[in-house]
Amino acid sequence: MEMRGIILGVLMSLVVMVRGEDPYIYHTWNVTYGIISPLGVPQQGILINGKFPGPSINTTSNNNLIVNVFNNLDEPLLFTWSGIQQRKNSWQDGVPGTNCPIPPGTNFTYRMQVKDQIGSFFYYPSTALHRAAGGFGSHRINSRLLIPVPYHDPEDEYDVVIGDWYTKSHTTLRKFLDSGRSIGRPEGVLINGKTAKGDGSDEPLFTMKPGKTYKYRVCNVGMKFSLNFRIQGHPLTVVEMEGSHVVQNQYESLDVHIGGCFSLLVTADKDPKDYYMVASTRFSKTVLTAKGIIRYTNSKSGPSPDIPEAPVGWAWSLNQFRSFRWNLTASAARPNPQGSYKYAKIEITRTIKLVNSVSRENGKLRYALNGVSHEDPETPVKLAEYFGVADKVFKYNTIKDDPSSDVGASVKIHPNVLNLEHRKFIEIIFENPEKSIQSYHIDGYAFFAVAIEPGKWTPDKRDNYNPLDAVNRHTIQVFPKSWAAVLLSTDNVGMWNLRSMITENMYLGQQMYLSIITPERSLRDEYNIPDNALLCGIVKDLPKPPPYT
């Protein structure tokens, strides 16, 4: 039987080679509620195949990923794949602006390709406040064997999802927001869904052999706070960040902002014992901390109770951001070096400044970008656009590229959709006049994070941009009373969500959609709507437009 299995495997490989297709990775997810107690308080959690956090996805560049989701919750559900660019395929993005949610008791199959990407990412539910109950997990994209990575193969790789956590149910938190109230501060922090008690009963999260080097893929999947990540007595060598190889600097600790991911190398060259992995909140009045045990295989004692302290203030974090550099000589998903793309030599064709604001008009809390607080219509904006009924659902370009200084005085609540021209090179400025940190993400893209500085942005600030080796990434933090600048090429046709990664802000309107279309309706630029696409709202019974050619 074993020989027969080998022969079948070879034949299947040959079939794939003959067809010229990239390999397929299949997942079937049964999404249910279950009782979990990550902070010692029993609460309703969202489980995937009985797991909290959800199962890790392990792919390689260009793999086709098929995820069949069975929604056994009592509410509609979507999953989004943070950092996965979905080239020409926003149909699979899994956010309320692109997809109708999966009704309870039914299933939907996502079909996507991790085209020309490597790195550490994660997924999570994008509907309601399901993210507050779980349903998140890690997603790694390995480099193809024919493309060398700029470091030796580690002994093993470990996925680490860190995030703040609320003990109130996702339905209670959602009621708070729907009534115009804040959800307040979380009650704790989790590392892979738990935190060590420190009473000697904790099992290790990970083990390391003496003298070996391990790769940890760390993502902040939380809802409110940036987290500082560190390991007792062990320096962290950053090798990858949100899909880009970076210059390999060592750090005692790392600030991981919401939505951000790092790959770190850690060498087991210390005394043979247990050590704490630590994640603690940053920029919060009360510091919340989670711990997890890393055990040497020849460990002779437990971890020291002395936890290394996190840095204080955001100036430290800003300086750390400036230390991250793109590895210009390394190849990522393609054989050519990353540095062969000279972004600083490309002419900027449009500058869009986005200013966040908060409003409490009529006693109800709302967040906005350039004075517009986004509200998802019943018909996803992508479907309304595709079916030619956008004018019945939303208006394009209701915000200005350069908003007025009184943008926070009042907000308008409606869908916020901005048209962008295909294949242009644009500059987006995130300006934060508030006293709290912001964290932004753009679906469908990676951008060059060229600058973060205190104060307000003006055109002369371009002189301070990093013109050579800014990291190509998909999230950017904006410190209080500061701005951040990113550059990107609008080469991915579709409808793409730009959002605050702070869940309360996003849910109450601090998000928008970027529409990039071409008049040709060509398969060269965008894939056809999938045969299994769910339809809802005013397009539910409309005939599908002619397919792209």
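Asp 491 touches Arg 87, His 422 and Tyr 445, leaving aside residues up to four places away in sequence; contact means heavy atoms within 4.5 Å. The model is predicted, so local features need pLDDT of at least 70 and side-chain atom pairs count only at pLDDT 80 or more, while totals for chains, interfaces and linings use all residues. Residues are numbered from 1 along each chain as its sequence is written, and side-chain values use heavy atoms, with hydrogens and water left out.

**Asp 491**

- Asp 491 lies in the loop between strand E31 (482–489) and strand E32 (494–500); helices (H or I, at least four residues) and strands (E, at least two) are DSSP runs, numbered from the N terminus.
- Asp 491 counts as partly exposed because its relative accessibility is 34%; buried means under 20% relative accessible area, exposed over 50%, and partly exposed in between (1.4 Å probe, protein chains only).
- The side chains of Asp 491 and Arg 87 are joined by a polar contact of 3.5 Å.
- A polar contact is a pair of N or O atoms within 3.5 Å; within protein, one must be able to donate a hydrogen and the other to accept it, and residues adjacent in sequence count only if both atoms are side-chain atoms.
- From C-alpha to C-alpha, Asp 491 and Ile 516 are 8.5 Å apart in space, and they are 25 residues apart in sequence.

**Strand E26**

- Strand E26 (residues 425–432) is mostly covered, with eight of its eight residues buried.
- In a regular strand the side chains alternate between the two faces of the sheet.
- Both faces of E26 are covered: one side has Phe 425, Glu 427, Ile 429 and Glu 431, the other has Ile 426, Ile 428, Phe 430 and Asn 432, and all are buried.
- E21 and E26 run parallel and are joined by six bridges; two strands pair if DSSP finds at least two bridges between them.
- Thr 351 has Glu 427 in E26 as its bridge partner.
- E26 also pairs with E31, in the antiparallel sense, over eight bridges.
- Here Asn 432 has Ser 482 in E31 as its bridge partner.

**Helix H3**

- In helix H3 (residues 314–323), the residues Ser 317, Leu 318, Gln 320 and Phe 321 are buried.
- These residues are on the same side of H3 because they cover an arc of only 160° around the axis, the arc being that of the directions from the helix axis to the C-beta atoms.
- The buried residues of H3 pack against strands E16 (250–251), E17 (254–256), E28 (447–454), E29 (472–473) and E30 (475–478).

**The loop between H3 and E21**

- Gln 338 lies in the loop between H3 and E21 and counts as buried because its relative accessibility is 7%.
- The side chain of Gln 338 reaches the backbone oxygen of Asn 327 at 2.7 Å.
- A polar atom of that side chain of Gln 338 lies 3.0 Å from the backbone oxygen of His 245.

**Aromatic rings**

- The structure holds 32 aromatic pairs; rings of Phe, Tyr and Trp (its six-membered ring) pair if their centres lie within 6.5 Å, and planes under 30 degrees apart count as stacked, over 60 as edge-to-face and the rest as tilted.
- Tyr 343 and Phe 448 are stacked, because their ring centres are 4.4 Å apart and their planes are at 20°.
- This pair links distant parts of the chain, 105 residues apart: Tyr 343 is in the loop between H3 and strand E21 (350–359), and Phe 448 is in strand E28.
- Both Tyr 343 and Phe 448 are buried.
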